Amino acid sequence: VIFVSILCKGWAPRWSWVVRGIIGTFQHTMESMDNKVRDQGRQILELREELRSLRQEMLTRDHAPREVDALPRKGEGDFKCAGDLGMVDGMENQVYKCKGTFVGHTGPVFAMASLGNKLFTGSGDTTIKVWETMYNPSCIETLIFHEDQVLSLCVSETSLFSASADKSLVQWDLTTYTVLRSTSLNKAISKMTTSDNYLFTGSHKFITVWHKDSLSKYSVMEELSHWVRALAVKEDRLYAGAHASVMIWNAVSLEKLNSVEVGGVIYSIVVTDQWMVCGTKETLEM
């Protein structure tokens, strides 16, 4: 006991110095760690700001249309491919957002058409639905006639035309939503469009021309090499996409005017005041 007391009394000042040194070192280490944490937090904030700026730059660039020069205008000689179209929404710096979802079909929607505030949808569940899109968005009518999936829809001033995999073509009254006329076909219709007087229906290797009012057959154009997947009418021109080519006719006289080869299988066509735009498997081509 005497030895321990003497030892403690003799070493107490030294142990106090050692403890103070350890505490000082610990405090210095904690301060260094705090500074490192602050620096890392500052770097993370700077990195987030850089990512935000980069994201905004990418959105602005993706939604800005690319300029395409030196292309012939519609009706001025041959059409030529101008490459990919970098336009997402048709208006610079504008992003379209989903405002809601129409729910009602029990199968995939294969076809759509619109007239005024009405939207018409054709589905794999064999039905056609009529939707109000303006004041009270909802389904206002379900049209039942077809026995197989509805592949194509087309609307005029007073009629809705529908074509199905059951090889039927139907004309509906837009006032009563009842069937006006129907006809059975040898082959299913893949695409439809209308002009002032005619209904054009595309099938495998041919286009049938119908009198729009009576649904009576007027003519058949058989110069196509594959399924007609795209049809469009602009002014007095009919545009038809089959496989990798577009054929152009006079929509009144039905005279063939031109043929254009495109670098891919065509699934859709839109004709603007200046350009013919083709949607292929991976690109939009003008």
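User: Which strands form a hairpin with three residues between them?
Analyst: Strands E2 and E3 form that hairpin, and Thr 126 in its turn has a positive phi of about 80 degrees. Strands here are DSSP runs of E with at least two residues, numbered from the N terminus. The model is a predicted one, in which local features need pLDDT of at least 70, side-chain atom pairs count only at pLDDT 80 or more, and totals for chains, interfaces and linings use all residues. Residues are numbered from 1 along each chain as its sequence is written, and side-chain values use heavy atoms, with hydrogens and water left out.

User: Over how many bridges do E2 and E3 pair?
Analyst: E2 (residues 118–123) and E3 pair over five bridges in the antiparallel sense. Two strands count as paired if DSSP finds at least two bridges between them. Within this pair, Lys 118 stands opposite Glu 132 in E3.

User: What joins E3 to E4?
Analyst: A hairpin with five residues joins E3 to E4. The two strands run antiparallel, and six bridges join E3 to E4 (residues 138–144). One of the residues involved is Lys 129, whose bridge partner in E4 is Thr 142.

User: Is E3 mostly covered or mostly open?
Analyst: E3 (residues 127–132) is mostly covered, with six of its six residues buried. Buried means under 20% relative accessible area, exposed means over 50%, and partly exposed lies in between, using a 1.4 Å probe and protein chains only.

User: Which residues are on each side of it?
Analyst: Thr 127, Lys 129 and Trp 131 are on one side of E3, while Ile 128, Val 130 and Glu 132 are on the other, and both faces are covered. In a regular strand, side chains alternate between the two faces of the sheet.

User: Changing topic: what is the order of the open sheet of four strands?
Analyst: The order is E13-E14-E15-E16, with antiparallel pairing. Strand E13 (228–234) and strand E16 (256–261) each have a single partner strand, so one side of each has no neighbour in the sheet. Neighbouring strands in this sheet are turned by 15 degrees against each other on average, direction ignored; the axes are lines fitted to C-alpha atoms, for helices over the stretch in contact, and angles run from 0 to 180 degrees between N-to-C directions.

User: How many bridges are there between E15 and E16?
Analyst: E15 (residues 245–250) and E16 pair over five bridges, in the antiparallel sense. Ile 248 has Asn 258 in E16 as its bridge partner.

User: What is the phi of Leu 254?
Analyst: Phi of Leu 254 is near 65 degrees, a positive value in a residue other than glycine. Most residues other than glycine have a negative phi. Leu 254 lies in the loop between E15 and E16, and it counts as buried at 15% relative accessibility.

User: And where does Lys 167 lie?
Analyst: Lys 167 lies in the loop between strand E6 (159–164) and strand E7 (168–173). Its phi is also positive, about 70 degrees, although Lys 167 is not a glycine. Lys 167 is partly exposed, with a relative accessible area of 37%.

User: Which residues have the most contacts inside the largest nonpolar core?
Analyst: Those are Phe 200, Ile 207, Leu 224 and Trp 249, in a core of 15 residues. A nonpolar core is a set of buried Ala, Val, Leu, Ile, Met, Phe, Trp, Tyr and Cys residues joined through side-chain atoms within 4.5 Å. The largest share of this core, three residues, comes from E14.
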